[in-house]
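Open the model in your viewer and keep the sequence panel beside it. Each stop below says what to select and what is there.

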Amino acid sequence: MLARAAVARAVRAWFEQEGFCEVETAVLQVSPGNETHLHAPRTELVRSDGTRSARYLRTSPEFACKKLLAAGEAKIFEFARVFRDRERGDLHLPEFTMLEWYRANTTYETIMADTVTVIGQAARATGIGQFAFRGRTADPLAEPERLSVAAAFGRFAGLDLLATLVSGEGDRAALALAARDKVRISDDDTWSDIFSKVLVEHVEPRLGQGRLTLLCEYPAPEAALARAKPSDPRVAERFEVYACGVELANGFGELTDAVEQRRRFGLAMDEKERRYGERYPLDEDFLAAVAAMPEASGVALGFDRLVMLASGATKIDQVVWTPPAGDT
């Protein structure tokens, strides 16, 4: 816990030095996020007249932070308490701290560099020489490896990922054929399901070995809230950072096309309803903010995971002040 406090102090000092403003956004949201496989606790607000409104505990402060960008904030960060249902393990908590920050009028290359710097600040704050997890090690201060998703799939799984894309959409049959000897494929698996299986089983365990890995240029079907790369619309300005096979951060060159964002959300919620029998509402204020916000880049970093690696802990429970209520 002393390491956690030291890392928080060091990171806050760096953001202050860079001219960021620390913000605090609301936990209760109209929509917790519109990703297929993210699940949020639901509650109700009861008004003084007895009427009720559904609300969700956020899975990320992203929607609220982008509303602030649209309102004119230029450099913001937040240590945000966030919530995820259906997640628990050595690397997962149902309630955890997400460190998010955004820069207006800045490329995602800058945010990638920020992320490497923040991880280095954490390592220096604790004095740890290298990160270690489940037999893997990484020097957080070494020059990171940069690898596109397509290159990683080629190197670690022997797959030509971009050959399975047609007009920006995933060709399920092509990827299923290419991956048939790599992962177990079910009849109802989508292109994205097969992509995720290959990523988890063959790619992620090989990332962040010896040094950090910046995994970038995600294929268009996995763009989430990122914009397409202008020079190659088959891929998006999305990156993730890994150390010792552990995903630490997920960042975007932010999408500012509200029509496209609405389309993506609709597809994701259709798939969530098909798979899980539920869908989350769209936050219309957020979509209006997407249309109004300047070009920007941002990243979400799992603060508890970072502290775990920077302190030498072996599981995430060891770096939070109180474990999840009711855990045994």
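Select Trp14, Phe15, Phe20, Phe77, Phe79, Trp101 and Phe303: together they form one aromatic cluster. Keep in mind throughout that this is a predicted model. Aromatic pairs number 15 in the structure. A pair of aromatic rings is described by the distance of the centres and the angle of the planes. Both Phe77 and Phe79 are buried.

Next, centre the view on Phe15. Which residues does Phe15 touch, leaving aside those up to four places away in sequence? They are Phe20, Phe77, Leu99, Trp101 and Val118.

Now widen the selection. Phe15, Leu99, Trp101, Val118 and Phe131 have the most contacts inside the largest nonpolar core, which has 50 residues. Colour helix H3, residues 108-126: H3 gives the most to this core, with 8 residues. In soluble globular proteins, nonpolar side chains tend to be buried together.

Go on to strand E17, residues 296-302. How many of the residues of E17 are buried? The count is 7 of 7. Show the side chains where there are any: Ala296, Gly298, Ala300 and Gly302 point one way from E17, while Ser297, Val299 and Leu301 point the other way, and all are buried.

Strand E6, residues 95-104, pairs with E17 in the antiparallel sense over 7 bridges. Strand E16, residues 246-253, also pairs with E17 in the antiparallel sense, over 5 bridges.

Then select helix H8, residues 284-292. Phe286, Leu287, Ala289 and Val290 are buried in H8. Why do these residues lie on the same side of H8? They cover an arc of only 155° around the axis, which puts them there. An α-helix has 3.6 residues a turn, so residues three or four places apart point the same way. Turn to the other side of H8 and you find Asp285, Ala291 and Ala292, which are exposed.

Show helix H2 (62-70) and helix H7 (258-276) as well: the buried residues of H8 pack against both. At the start of H8, zoom in on Asp283, where a side-chain oxygen reaches to within 3.0 Å of the backbone nitrogen of Asp285.

The last stops are exposed residues. Glu16 is found in helix H1, residues 2-17. Its relative accessible area is 64%, and because exposed means over 50%, Glu16 counts as exposed. Draw a distance from Glu16 to Thr97: the two are 81 residues apart in sequence and 19 Å apart in space, C-alpha to C-alpha.

Move to the loop between E6 and H3, where Asn105 is found. Asn105 is exposed, at 64% relative accessibility. Phi of Asn105 is near 55°, a positive value in a residue other than glycine.

Finish at Ser167, in the loop between strand E10 (165-166) and strand E11 (169-170). Is Ser167 buried or exposed? At 75% relative accessibility, Ser167 is exposed. Phi of Ser167 is near 50°, again a positive value in a residue other than glycine.

Conventions
Residues are numbered from 1 along each chain as its sequence is written. This is a predicted model: local features need pLDDT of at least 70, side-chain atom pairs count only at pLDDT 80 or more; totals for chains, interfaces and linings use all residues. Side-chain values use heavy atoms; hydrogens and water are left out. A nonpolar core is a set of buried Ala, Val, Leu, Ile, Met, Phe, Trp, Tyr and Cys residues joined through side-chain atoms within 4.5 Å. Buried means under 20% relative accessible area, exposed over 50%, partly exposed in between (1.4 Å probe, protein chains only). Helices (H or I, at least four residues) and strands (E, at least two) are DSSP runs, numbered from the N terminus. Contact means heavy atoms within 4.5 Å. The arc is that of the directions from the helix axis to the C-beta atoms. A polar contact is a pair of N or O atoms within 3.5 Å; within protein, one must be able to donate a hydrogen and the other to accept it, and residues adjacent in sequence count only if both atoms are side-chain atoms. Two strands pair if DSSP finds at least two bridges between them. Rings of Phe, Tyr and Trp (its six-membered ring) pair if their centres lie within 6.5 Å; planes under 30 degrees apart count as stacked, over 60 as edge-to-face and the rest as tilted.
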